[in-house]
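Welcome, and thanks for taking a look at this one with us.

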Amino acid sequence: MPRIGVFICWCGTNIAGTVEIEQVVNAARSFPGVVYAGDYRYLCSEVGQKLIKDTIKKENLERVVVGTCSPRMHEVTFRKAVAEAGLNPYLLEVANLREHCSWVHKDPAEATPKAIALVRAAVSKASLDEPLTALMLDVEKRALVIGGGIAGIQAALDIADSGYTVDLVEKEPSIGGRMAQLEKTFPTLDCAACILTPKMVEVAQHPNINLLTYSEVEAVSGFVGQFDVRIRSRARSIDPSKCTGCGICYEKCPAKVPSEFDMELGKRKVIYVPFPQAVPNIPVIDRENCLYFKRGRCRICEKECPAEAIDFEQQDEIIERRYGVILVATGFDSMDLTGYGEYGYGQHPDVLSALQFERLFNASGPTAGQVVRLSNGRPPQRVVFIQCVGSRDIARGQNYCSKICCMFTSKQAILLKEKLPETEAYIFYIDLRTAGKGYEEFQRRAAEEYGVIYLRGSVGKVFPEGERLLVRGVDSLSGRPLEIEADLVVLAAASVPRRDAPELARLMSINSDRYNFFDEAHPKLRPVETHTAGIFIAGACQAPKDIPEAVAQAGAAAAKAVTLLSKEKLQSEACVAKVDPARCSGCLHCEAVCPYGAIAATETEERVRGELLTRTVAEVNPALCQGCGCCTMTCRSGSVTLQGYTDEQMLAEVDALCLQR
Amino acid sequence: MHYRYFPGCTLKTQAKEMEDTALAAASALGIELQELPEWQCCGAVFPLSDDELITLLSPVRTLAAAGGEPLVSLCAACHHVLKRAQEVIKRNPDTREKVTDFLEVDYAGEGRVLHFLEVLRDDLGFDRLKEQVSHPLAGRKIAAYYGCLLLRPAKEMQFDDPENPTIMEDLLRSLGAEVVSTAYRTECCGAYLSVTEEKVATATAEKIVHSARRAGAEALITACPLCRYNLENIGGPALPVYYFSELLAEALGVAALKEVARG
Amino acid sequence: MIFSESYHRFIDELKKNTGQDPNQCYQCAKCSAGCPVVAAMDLLPHQVIRYLQLGLLGELEESRTPWICASCFTCAARCPRDLDLARLMEGVRLAVLRLREGNRLSPADLELTPEQLEKLPAQALVSSFRKYAK
Ligand SMILES: Cc1cc2nc3c(=O)[nH]c(=O)nc-3n(C[C@H](O)[C@H](O)[C@H](O)COP(=O)(O)OP(=O)(O)OC[C@H]3O[C@@H](n4cnc5c(N)ncnc54)[C@H](O)[C@@H]3O)c2cc1C
Ligand code: SF4
Ligand code: SF4
């Protein structure tokens, strides 16, 4: 039996207020193996740690049990203290006397016996603790950023400026994301392109950034410091080394399809760059719609291209590379509004989503910057904006508030008033949420200087009546039903995750929330990390957010990424699973359940009646294993154990708890 | 195609022409509608409060009488009550026990509950219907009026898209008519407010009819006798209102049969 | 006292019978915006819910609104909080009928001409007596 020391913390009055510390210490002295038991007001303080270290030496302790707060808070602190005293840090056990005991009880008569039981369990487990060692792993000094919106752009620039090489993978033919689709930006009304394009150009020119557009991540394996990633760079059908970006090809191309960039309002050619300031300024051929690829005839672009850059035979390129860290910034979509039939979206040309309306202002947009009704090409005299379409709607939409709509609706109303001062703008809102620097002032300007009319309430239905749209709503403040004859209706559609977000989450083994936004590791303290070490998130893929927030988060995520990249070696998890090959039957059920891909089949040799046989068994890669323990529960022969949490240790704890009652 | 058929009170009185034409059309289409014996009122309104068990009795008795066979009605209100009563029986074992014990019937929510329009769309198919049309309604500009009870609540009625339904327009097209779309086709007609608040009902009905007129409709169709009553009782210029079944019978060339049946 | 014990009893009963919790409403007024008969109401539909939230039951008892409501379910079809206001209206109607132990409508009240009565579908009469009398 090893020599065990027990230290009980008061945590001020947090524990001592409900648990009779003295009784716990006295009880601990009687537990098998315990040679020392003591207490202290704040064990996590310098003095408290010193008490532990000194006692380890003085009493020749071989195992240490602390009765403190949750191991999530201070396990690391105490492991370090134990290690400094010369013990293996994994010979420490934490009994959680605060979150599991004092905080959930009021009566010391209940809390104290429970605390004693928890300490007894920890002591039983500690007596079976074995020293463990973590691996030291190499770090590949290269970062992968997925998604080239403003968040991905900012993160890539920050990492690259720190001296590390970055691959920036963007699905579309150009970087820029949603911000490139915007006209001006709240709350300062600076032109989106004017502040975005310099950053896009910087990405293109940065010596440390390797830009992969029209590309997607197909597979991710490995672990922090050593992610192995397969990227498919789709064939552009253009030789980038020859293309001069002159644009003759898309001038001449005879085939047109709805433009994704213009939210299907306008058309684009089949060979195209999505917008004039695209980076890179190299067209792509959309093979699905190309006449040559569809019907085997056309090749007009090839004939017209003065640089002979068109290459119909070009193949997708597969890039396989190792990265130390991955940063995901894949942004958001605007919710599909076909479920809101009462507004007539998709049925009437003058009912638009906010992103569509934004495109009307843009000089290179579907109306060349003219704000007009799509039904008749005339400028609107009255525009009704409806907020919260799909947001805060538990019946047909998303439960959450999309956060940006109050502001962008006010912005669009101002832009409208600047362009068409005589046009009336009405905004139906449920609540106005303008928390942010300069935001409230911005909204007030819309109402006071620009004369935008804010109506607190909702719209029941939009009735197409003759040439116009009859908007029937209510102003709840005056308690009046309203009927407004409008020319355009603009719907502030909820922000939702990209459609392929669940797939990407699966590829990366990162968590998503119930809406499919990527989950941060801790909502307050680890906002840009994911639960998978070495993978970070930034921008609207985590939750709806505006540009300032997306940029700030991108900077934070880049800093975290750089912190990892700057390390020579990384320490792996020490409490990892281990397979006993002699017992393993090779069924590989564990491989199927492991969420980290840490288990693989391997061959083992054994001598059976003098004959050397090979058979398949499971093997754990300790660098990948995160110690979750799923495999141990799946294994029918009981041949996988989680070190630090062996069956014997867990049963010893249970026995100790049962003994109490 | 064999169905049990529940007419409901109004179809035997003020809305006789709906029943006559529907039955004539059904038999021309090979759809057999076998009237339930000794049926009684559907209940007229679906009880919206769970302690109103009495109002559930008559629809559940009707449902049980169908013996699990598909049960068809023509009146939108009857269909609404029957369909939702069935949902309650399916969803709420407590209520089911109370109601079926009282009625001394054995019913657990089995059998399809259908509106005749659904039979035409889902079981017969509008394509097949179209083939049987002998007197297409060419050049007739008709607007469909749905009202409330067929569509809402969509989760329970499962009839069509509650905001942008198409079933009646699809029917009209297969009969060869020209469909006029009106913005008010899913708005309430005023329902039984015509009994207590006539002005309110008239106002809602007027909006519907006038919008249809402005859109160029020459007539409206409906599947509900009360809707028809309200739509016809408005101030100002009115539009003819037909039951969908009247136009159906006409297009199938069985209008004469109606005369016969009516004697 | 708005939130008296009898208020809580009333609300609990209402919740049980209608399956709807008025506190789920965030007063967007979408119900009122779509209600086809709102023009004739003294309280707008969303205000009915507000009054329920605030316990202004006396005012609700006096209101015309629950009797104007046509149970068309338009509000319920669009409520972003997934509330079935038509059910709550029914709950209020029943509560008033039971409280007053009298009917809202009796055959003597009918102001219909004989021709109207002739044409009026039976379902209208049955429905209104079911709604307005117990
Ligand atoms: C109508 C409207 C108006 C707005 N106006 C303003 C405003 O005035 N001011 C303001 O601050 N904010 C505004 N916003 C918000 C702004 O658009 C966002 O804050 C910003 O775009 C978020 O940037 P992001 O990089 O996180 O995401 P995104 O802009 O969505 O960029 C994500 C990028 O990742 C790419 N991507 C997606 N999936 C993959 C994948 N699997 N692989 C590779 N690449 C992928 C996308 O193609 C895209 O380029 C507005 C939003 C809307 C809808
Ligand atoms: S629509 Fe729903 S949430 Fe909005 S006010 Fe009416 S009941 Fe409340
Ligand atoms: S159910 Fe009643 S409150 Fe709701 S929209 Fe219809 S009439 Fe108005």
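## Ligand 1 and its surroundings

An oxygen atom of ligand 1 sits 3.4 Å from a polar backbone atom of A:D546. Of the 1000 Å² of accessible area that ligand 1 has on its own, the protein covers 98%. Please keep in mind that this is a predicted model.

**Contacts of ligand 1**

- A second polar backbone atom to look at belongs to A:A540, 2.8 Å from an oxygen atom of ligand 1.
- A nitrogen atom of ligand 1 is placed 3.1 Å from a polar backbone atom of A:K171.
- There are 36 residues around ligand 1, and those that come nearest are A:E170, A:R178, A:F186, A:A540 and A:K545.

**Where the shell of ligand 1 comes from**

- In chain A, the elements giving two or more residues to this shell are α5 (150–161), β8 (184–185), α10 (354–360), α11 (405–419) and α14 (547–565).
- Ligand 1 lies between domain 2 (135–234 + 316–331 + 498–572) and domain 4 (334–497) of chain A, because both domains give residues to its shell.
- By class, the shell around ligand 1 holds 16 nonpolar, nine polar and 11 charged residues.

- Ligand 2 has 13 residues around it, and C:C25, C:C28, C:A29, C:C31 and C:C79 come nearest.
- Helices α2 (30–34) and α3 (45–54) of chain C are the elements that give two or more residues to the shell around ligand 2.
- That shell is made up of nine nonpolar, two polar and two charged residues.
- Ligand 3 is surrounded by 13 residues, the closest being C:C35, C:C69, C:A70, C:C72 and C:C75.
- For ligand 3, the elements that give two or more residues to the shell are α6 (74–78) and α7 (85–100) of chain C.
- The shell around ligand 3 has 11 nonpolar and two polar residues, and no charged ones.

**Cysteines of chain A**

- Over all chains the count comes to one disulfide, and this bond joins A:C191 to A:C194 with an S to S distance of 2.2 Å.
- The disulfide of A:C191 and A:C194 is right-handed, because the torsion about its S-S bond is about 90 degrees.
- A:C191 has a relative accessibility of 22%, so this cysteine counts as partly exposed.
- What keeps A:C101 from a bond with A:C11? The sulfur of A:C101 is 13 Å from that of A:C11, its closest cysteine sulfur, which is too far for a bond.
- A:C101 is also buried, at a relative accessible area of 0%.
- A:C625 takes part in no disulfide, and the nearest cysteine sulfur, in A:C631, is 6.3 Å away.
- With a relative accessible area of 8%, A:C625 is buried.

**A residue in strand β31**

- A:T604 is found in strand β31 (residues 599–608) of chain A.
- Is A:T604 buried or exposed? Its relative accessibility is 16%, so A:T604 counts as buried.
- A:T604 and A:V617 are 13 residues apart in sequence, while their C-alpha atoms are 6.6 Å apart in space.

Terms used:
Residues are numbered from 1 along each chain as its sequence is written. Chains are lettered from A and ligands numbered from 1 in the order in which they are written. This is a predicted model: local features need pLDDT of at least 70, side-chain atom pairs count only at pLDDT 80 or more; totals for chains, interfaces and linings use all residues. Side-chain values use heavy atoms; hydrogens and water are left out. A residue is near a molecule or strand if one of its heavy atoms lies within 4 Å of it. A polar contact is a pair of N or O atoms within 3.5 Å; within protein, one must be able to donate a hydrogen and the other to accept it, and residues adjacent in sequence count only if both atoms are side-chain atoms. Accessible areas come from the Shrake-Rupley method with a 1.4 Å probe; for residues, only the protein chains shown count as cover. Helices (H or I, at least four residues) and strands (E, at least two) are DSSP runs, numbered from the N terminus. Ala, Val, Leu, Ile, Met, Phe, Trp, Tyr, Cys and Pro count as nonpolar, Asp, Glu, Lys and Arg as charged, and the others, Gly among them, as polar. Domain bounds come from an automatic or database domain assignment. A disulfide is a pair of cysteine sulfur atoms within 2.5 Å. Buried means under 20% relative accessible area, exposed over 50%, partly exposed in between (1.4 Å probe, protein chains only).
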